[in-house]
Structures are given as C-alpha cells and as structure tokens.
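This report covers strand pairing, charged contacts and a surface patch. Please look over the model first.

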Amino acid sequence: GVRVEAPVFDWLEAGGFGSVSAGHTFSVDGSSSSATGFGLEGGLSAHIRATRFFGVRLEADLVQVGWGFAEYQGERSKAVNVSFIPSPSVGLTFTF
C-alpha cells in the first residue's frame with residue numbers, strides 16, 4: 001500500500017494510507033468455474049514524534065471497497081461491497 005503523511009507541527013505528522021488487492025481463482029477439476037476480485041482499502045494516520053528518532057503511529061482503517069465476479073458452468077454472478085471498518089492500531093516507530 002501507499003502511505004502519505006505531511007507535517008502539521010514539529011512533533012506531529014498526519015495523513016492517510018491506501019492499498020489495492022486483486023485475485024483470480026479457477027477450477028482444474030473440469031467444472032469450468034472461476035472467480036476474480038478487486039479491492040481497495042483506506043484509512044487515516046497520525047504520527048506523533050517524541051524525539052527525532054522515536055515515535056508512535058496511530059492509524060485507523062476506515063473503508064473497504066470490493067468488486068468481484070464468478071462464473072460457474074456458464075452462469076455469471078457479480079458482487080460489490082462497501083464496508084465501514086473502524087479498526088484502530090498503534091505502532092512504535094524508529095527513524096534512522
């Protein structure tokens with residue numbers, strides 16, 4: 001994924017992050033089935049720097065979007081999902 005953070009104060013950086021995923025599966029047992037999916041995920045982050053070398057990053061995944069389709073014996077089905085996923089996390093950071 002990609003993370004972008006910009007300085008707000010000398011001790012605080014704020015920003016966001018996102019990632020993209022894709023996948024494809026197919027059957028090899030002769031049933032002629034396959035599935036393909038794509039996804040996007042994004043969130044916000046704040047990086048608090050106690051010193052120049054040490055900090056704490058607070059982040060929260062916010063939204064997840066997915067799209068996919070499947071084919072089974074000639075029949076196709078499609079699915080789209082949008083999920084609000086408030087998933088906070090905390091991590092220690094070291095900058096060298």
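## Terms and model

Buried means under 20% relative accessible area, exposed means over 50%, and partly exposed lies in between (1.4 Å probe, protein chains only). Glutamate 5 has 22% relative accessibility, so glutamate 5 counts as partly exposed.

This is a predicted model: local features need pLDDT of at least 70, side-chain atom pairs count only at pLDDT 80 or more, and totals for chains, interfaces and linings use all residues. Residues are numbered from 1 along each chain as its sequence is written, and side-chain values use heavy atoms, with hydrogens and water left out.

## Strand pairing

Strands here are DSSP runs (E, at least two residues), numbered from the N terminus. Two strands pair if DSSP finds at least two bridges between them. Strand S2 (residues 12–26) pairs with strand S3 (residues 33–49). The sense is antiparallel, over 15 bridges. S3 also pairs with S4, again antiparallel, over 17 bridges. A hairpin of four residues joins S3 to S4.

Serine 45 sits in strand S3. Its bridge partner in S4 is glutamate 59. Glycine 15 has serine 45 as its bridge partner in S3. Serine 45 counts as buried because its relative accessibility is 6%. Contact means heavy atoms within 4.5 Å. The side chains of serine 45 and glutamate 5 make a polar contact of 2.9 Å. A polar contact is a pair of N or O atoms within 3.5 Å; within protein, one must be able to donate a hydrogen and the other to accept it, and residues adjacent in sequence count only if both atoms are side-chain atoms.

Glutamate 13 lies in strand S2. Glutamate 13 is buried, at 18% relative accessible area. Its side chain makes a polar contact of 3.4 Å with the side chain of arginine 49. Glutamate 13 also touches Ser45 and His47, among others.

## Salt bridges

The structure holds four salt bridges. Each is a side-chain nitrogen of Lys or Arg within 4 Å of a carboxyl oxygen of Asp or Glu. One joins arginine 3 and glutamate 59 (2.9 Å, N to O). Arginine 3 lies in strand S1 (residues 2–9) and glutamate 59 in strand S4, so the pair ties together parts 56 residues apart in sequence. Another joins arginine 57 and glutamate 5 (3.1 Å, N to O). Arginine 57 lies in S4 and glutamate 5 in S1, so this pair ties together parts 52 residues apart in sequence. Arginine 57 is buried, at 19%. Arginine 3 is partly exposed, at 36%.

Glutamate 71 is in strand S4 (residues 54–72). Its side chain meets that of arginine 76 in a salt bridge (3.5 Å, N to O). Glutamate 71 is partly exposed, at 27%, whereas arginine 76 is exposed, at 59%. Glutamate 71 also contacts Ser32, Ser33 and Ser34.

## Nonpolar patch

Val20, Phe38, Leu40, Val63, Val65, Trp67, Val80 and Val82 make a nonpolar surface patch of about 750 Å². Patches are made of residues with over 30% relative accessible area and no salt bridge: like charges are joined within 9 Å, nonpolar side chains (Val, Leu, Ile, Met, Phe, Trp, Tyr) within 5 Å. Accessible areas come from the Shrake-Rupley method with a 1.4 Å probe; for residues, only the protein chains shown count as cover.

S3, S4 and strand S5 (75–94) each supply at least two residues. S4 gives the largest share, three residues. Valine 65 is found in S4. Valine 65 is partly exposed, at 32%.

Terms used: Lists of a residue's contacts leave out its neighbours within four places in sequence.
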